[in-house]
Amino acid sequence: MLIASIAFVCLVFIGLTVRLRLKIRAEEKVTYSPPAEPFAFGPSVSITAFEIEKLSNIAYIERLETLVRQANVEQKLPVFYEKYTETNKLCREHYLENLLMLFSRGKDRELDHFMKTYPELSVPDILMLFMLDAGFDNKSIARMLWINYETFKKRKSRLRIKCATLGVPFDFTAGNASWLRMPPIGG
């Protein structure tokens, strides 16, 4: 009987303490200052909350891909898996397009001219140039492009050779915004 009454008193005390803490927390004024829009990630990149939401959808695709692999869907539902693969490819393409729009904001004319001048460069190639120019490190770029770090290093090496072959004026040792500049009219 004594143990039961001590337990009851402890529970009442704990309940009152929790209630008091919740009341104090509710009465506290929360000083939340939202981050300035748009977020600044580098000298030439800014991103809004809407764009973060749009770009983060690729994370769900990645998780879904893992679940599909673990559940062996390819063997069990081949027709569904084929449609899923097509959808996944389209989502990745849209992700890269959205990322390119983000990095090329304010440079649309220059980007169009650059893409027409060097049609051999793919969207991921151009994205790598933008990201390197913005000062992102290799691991961050690999994560944004959804490739592993070793794959990124190989792609960067190939891109360096491709740029040298095509005559793209990009310095891989330091980011330089001059690579995207349009040539003077008549020149």
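Tyr81 and Tyr84 sit 3 residues apart in helix α4 (residues 78-103), about one turn of the helix; helices here are DSSP runs of H or I with at least four residues, strands are runs of E with at least two, and both are numbered from the N terminus. This is a predicted model, with local features needing pLDDT of at least 70, side-chain atom pairs counting only at pLDDT 80 or more, and totals for chains, interfaces and linings using all residues. Residue numbers start from 1 along each chain as its sequence is written, and side-chain values use heavy atoms, with hydrogens and water left out.

Back to the rings. The structure holds 3 aromatic pairs (Phe, Tyr or Trp rings, the six-membered one for Trp, with centres within 6.5 Å; planes under 30 degrees apart are stacked, over 60 edge-to-face, the rest tilted). Tyr81 and Tyr84 make a tilted one, 6.0 Å centre to centre with 40 degrees between the planes. Tyr84 is buried at 10% relative accessible area, while Tyr81 is partly exposed at 25% (buried is under 20%, exposed over 50%, partly exposed in between, with a 1.4 Å probe and protein chains only). Phe114 and Tyr118 are also tilted, with centres 5.0 Å apart and planes at 55 degrees, and both are buried.
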